[in-house]
Amino acid sequence: MNKIPQSLIDSLHGVPGFDEAGFTQAHLQPAVTSIRLHPVKQSKAFADNVQVPWCPQGRYLVERPVFTLDPLYHAGAYYVQEASSMLLHYLLKQVLPTNENLRVLDLCAAPGGKSTLIASLLDESSLLISNEVIRTRASILEENMTRWGYMNSWVTSNDPAVFGKVPGYFDVIVVDAPCSGSGLFRKDARAIDEWSEANVQLCSGRQQRILADVWPALKENGVLIYATCSFSQQEDEEILDWLGGKFEVETINVQILEEWGIVEVNSSRHGISGYRCFPGKAKGEGFFIAALRKKESADNIRFAKSKSENDKKIAQQASFLFKGQEPVFLQLDKETHIAIIPQHEADLQLLRKSFFLRKAGLQTGMPAAKEWIPAHDTALGIALADTISSIDVNREQALRFLKKEEMDTVAAKGWHVVKYEGLGLGWVKSLGNRMNNYLPKHWKIRMNIDEE
Ligand code: SAM
């Protein structure tokens, strides 16, 4: 590994919990690998591995497998996430009195680690908006959220300033800010070359702009979670102090166990608590997180649901796809039919006015002459009806399906969900003598599956 910049080390002297020898030593070790299990899509994958102490679904892996070659990864049985950042789970559990009827924004969300974690925690009455401003990254986010399968997880792609259009709308806003990345040196050696004091300053300015832009969207007494994967105080404690100086906030302190090796810090001017993970001390990579409450009045966006847009004809055709609460079925545009949780209809009416909604609810598919052509989203959704016909495949067949190859199995004419170990991967249509693979082109795995 490249050498850690001396100016970073110098800047960390005096930071609570920093120990140069331990820090340097830890950077001679490989990064810790971990995953977070899906709470609904139960599978045998990694269930017996050692648990990440601050996240019940987190698991440490002894070595890093080739995830692309694991069909369970594609089915959304787990998400590959760095262990320290799962501390968000612990904070949210401590801070939120309920998981129901909340509106949560994950502002800087791609590729989706925090968003899949938040989605796992929320009741279906709550709504999660995962936003990513950079378009190419937003498509990866959308794919990961589709794989996670929740109807109440939506994806937008907007600049943080656009959230000023919905003042006081969110109960919780998570800002996992773009940062100088010193916490990820073990995962990505390029981050070492890209690190500089000038970049720390640049990131700090950007972090302030992002927070100032999104602040109005948080309601009074709402919770802001701020996180980075940087060790630099300019991006961590100093940002908390900047927030404390500019807005009325209250610090939220949570009890963490000493044995976790996570260091609690307080910002020097406003005494706002934050939690820092140093590799070598906590079992994970570098991470910083803080929670604070907005203690000032916020404008309140007024919105009421106008007439329901539930399309009864579509509902009749597509409701066989879902179990549980009957969704609202809508046509967003010529090609997009969606199903959303009924409580979220007013939110859709509001958000589609100002935001680029990449994903709202689940896409349901398209009506055709004598059938309903199901969309890929539904096969991965946690609300897929148990009555849908499925084809159970082994690992090799699953990988061939994921390579968008023709299937060698036989099944009755019609639509079937391809399942691996009980979890949906996508749709096929049997024509009797052959099977058409409906995996979307851009989901196709490109790796050679025979090379192992
Ligand atoms: N939360 C993500 C997760 O857990 O998978 C990681 C987010 S990453 C630390 C920061 C994200 O902020 C990146 O996806 C980046 O594209 C986005 N970003 C970059 N510049 C931004 C800006 N000016 N405003 C908002 N987001 C920005």
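A disulfide is taken here as a pair of cysteine sulfur atoms within 2.5 Å. By this criterion, a search of the whole structure, a predicted model, returns zero disulfides. Cys55 takes part in none, and the nearest cysteine sulfur, that of Cys277, lies 13 Å away. Cys277 is likewise in no disulfide, its nearest cysteine sulfur being that of Cys229 at 11 Å. Cys55 is buried, with a relative accessible area of 0%, and Cys277 also counts as buried at 0% relative accessibility; buried denotes under 20% relative accessible area, exposed over 50%, and partly exposed the range in between (1.4 Å probe, protein chains only).

Residues are numbered from 1 along each chain as its sequence is written, and side-chain values use heavy atoms, without hydrogens and water. Local features require pLDDT of at least 70 and side-chain atom pairs count only at pLDDT 80 or more, whereas totals for chains, interfaces and linings use all residues.

Helices (H or I, at least four residues) and strands (E, at least two) are DSSP runs numbered from the N terminus, and two strands pair if DSSP finds at least two bridges between them. Three strands form an open, antiparallel sheet in the order E2-E1-E3. Strand E2 (58–61) and strand E3 (78–80) are the edge strands, each pairing on one side only. Neighbouring strands are turned against each other by 30 degrees on average, direction ignored. Strand E1 (residues 33–37) is joined to E3 by three bridges, in antiparallel fashion, and Leu37 stands opposite Tyr78 in E3.

Helix H5 (residues 113–121) lies across E1 and E3 and runs at about 35 degrees to E1. Axes are lines fitted to C-alpha atoms, for helices over the stretch in contact (heavy atoms within 4.5 Å), and angles run from 0 to 180 degrees between N-to-C directions.
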